[in-house]
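Please look through the sequence and the structure shown below before reading on.

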Amino acid sequence: MLFVNLKKYIINALAPGEGIKPEVSFHNFFSEVLKRETTHEEAVILLLALVPHVLPHFFDDIIKELHPEGGEFPELGGVRLENHRGMLPTGETTQYVLARENIEARLKIQQLFEASHWFFKEQIITIDSVKEGEPLMSGRLILKPETIHLLLYGEKLKPKFSPDFPAKEVFTQLEWEDLVVSFVVQDQISQIKLWVKHHEALRENWGMGKHILPGYRALFYGPSGTGKTLTATLLGKEFKREVYRIDLSQVVSKYIGETEKNLEKIFTQAENKNWILIFDEADALFGKRTQTKSSNDRYANQEVSYLLQRVENFNGLIILTTNFKNNIDDAFLRRFNCLIGYSKPNSGERLLLWQKIVPANITLEDPDILHKLALHYELTGAQIVSAMAYACLQAIEEDVRVLRNAFLLKGVEAEYMKEEKAYNSLM
């Protein structure tokens, strides 16, 4: 029904003379679907961009009705592409439908496509770039795939992993009580939670927006398997935010300028989405700058400089993880809101980890074995999980519901072998 009303609206608006624009409530639909106040002009623009995805002949039918004798209709704008045979609307189409020849009104329509408008900020709709010298509004309207899916089906479409979006969403089934870290780390994590909960009030109501950068930058450093990535996913889970881990293998390029382009695609999509971005093993991107001895060094340093600027301007939560803090460029370290050092768990923390992951309704051959394991073997949380999984598989294979000491010790031994460390059995 929306498209039928849109057709009537356009034909009446473009009819010879002043045109009669019928009273329609396009904006009510978009305000409800997009969960934000939408003006009539914004709603018409969204409809104009959406209709070719459903009715490819829509604009051609209108042109035939208005000009049955045929001929050009340059005022309406529009372009035709190789695959799509029908007319696709441009910025000029929106100007003519909504403003006809009214210069002041046309300029107001043009302002709706500026970077300050929520169309651009939230990556809802943009105007395609044009060749140098061509009118900016002659670019075709481009609705983002996520917007098209939302408008047609009423549900959000999450971005797919691709060269244009080299990031994957990460989840966890664990809870905060499953994260075993020191009290110092817990307190630092609490500061991140406070920012997520209150950053808008801090910037707007308390007037700190002019003094602080828009987003929040955190560096988690320490050995693998100590809870860095788990912390990020738990933050997303608590605050119902999507968490995306950047695949650096798809981002870093040996070709000059390509790394920046790949990252820009991610930052552009993530802007104003309330996503949490994780850069695991961030040394590859945010490593120390080198002395400029060659053109390659110069371009590498320019890459780091670009990252500094882009990370500062991003208005969301960015988490970088690394095994060694000293690998990160000092210029980045100064710009982090917090630096959280994760360490291997002590014997008490290891015991807690062992106790938390023992499967329910499973008996231990030796009730004191977990204390012994925690005391004698310096494993990380991830290694303890892996050793327990190994032991459980042995029990399943033998069809018993008793975790024998041998199963657990064999699991621990397997973790030591991975790191080529000397293993001394308790037995």
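Does Arg404 count as buried, partly exposed or exposed? Arg404 counts as partly exposed, because its relative accessibility is 32%, where buried means under 20% relative accessible area, exposed over 50% and partly exposed in between, with a 1.4 Å probe and protein chains only.

## Basis of the model

The model is predicted, so that local features need pLDDT of at least 70 and side-chain atom pairs count only at pLDDT 80 or more, whereas totals for chains, interfaces and linings use all residues. Residues are numbered from 1 along each chain as its sequence is written, and side-chain values use heavy atoms, with hydrogens and water left out.

## Salt bridges

A salt bridge is taken here as a side-chain nitrogen of Lys or Arg within 4 Å of a carboxyl oxygen of Asp or Glu, and by this rule the count comes to 16. One of them joins Arg404 to Glu398, with the closest N and O atoms 2.6 Å apart; Glu398 is partly exposed, with a relative accessible area of 41%.

Another salt bridge joins the side chains of Glu122 and Arg36 (2.5 Å, N to O). Glu122 lies in the loop between α7 and β1 (125-127) and Arg36 in the loop between α2 and α3, so the pair ties together parts that are 86 residues apart in sequence.

Helices are DSSP runs of H or I with at least four residues, strands are runs of E with at least two, and both are numbered from the N terminus. In helix α2 (residues 26-34), the buried residues are Phe26, Phe30, Ser31, Val33 and Leu34. Their cover includes α1 (2-14), α3 (40-50), α7 (118-121) and α8 (145-153), and just after α2, Lys35 takes a positive phi of about 60 degrees.

## Domains 2 and 3

An automatic or database domain assignment gives the domain bounds, dividing the chain into domain 1 (1-153), domain 2 (167-341) and domain 3 (347-419). The C-alpha centres of domain 2 and domain 3 lie 33 Å apart, and eight residues of domain 2 are in contact with seven residues of domain 3, contact meaning heavy atoms within 4.5 Å.

Between them, domain 2 and domain 3 bury about 510 Å², 63% of it on carbon and sulfur atoms; this buried area is the accessible area (1.4 Å probe) that two parts lose on being put together, summed over both. The count of salt bridges between domain 2 and domain 3 is zero.
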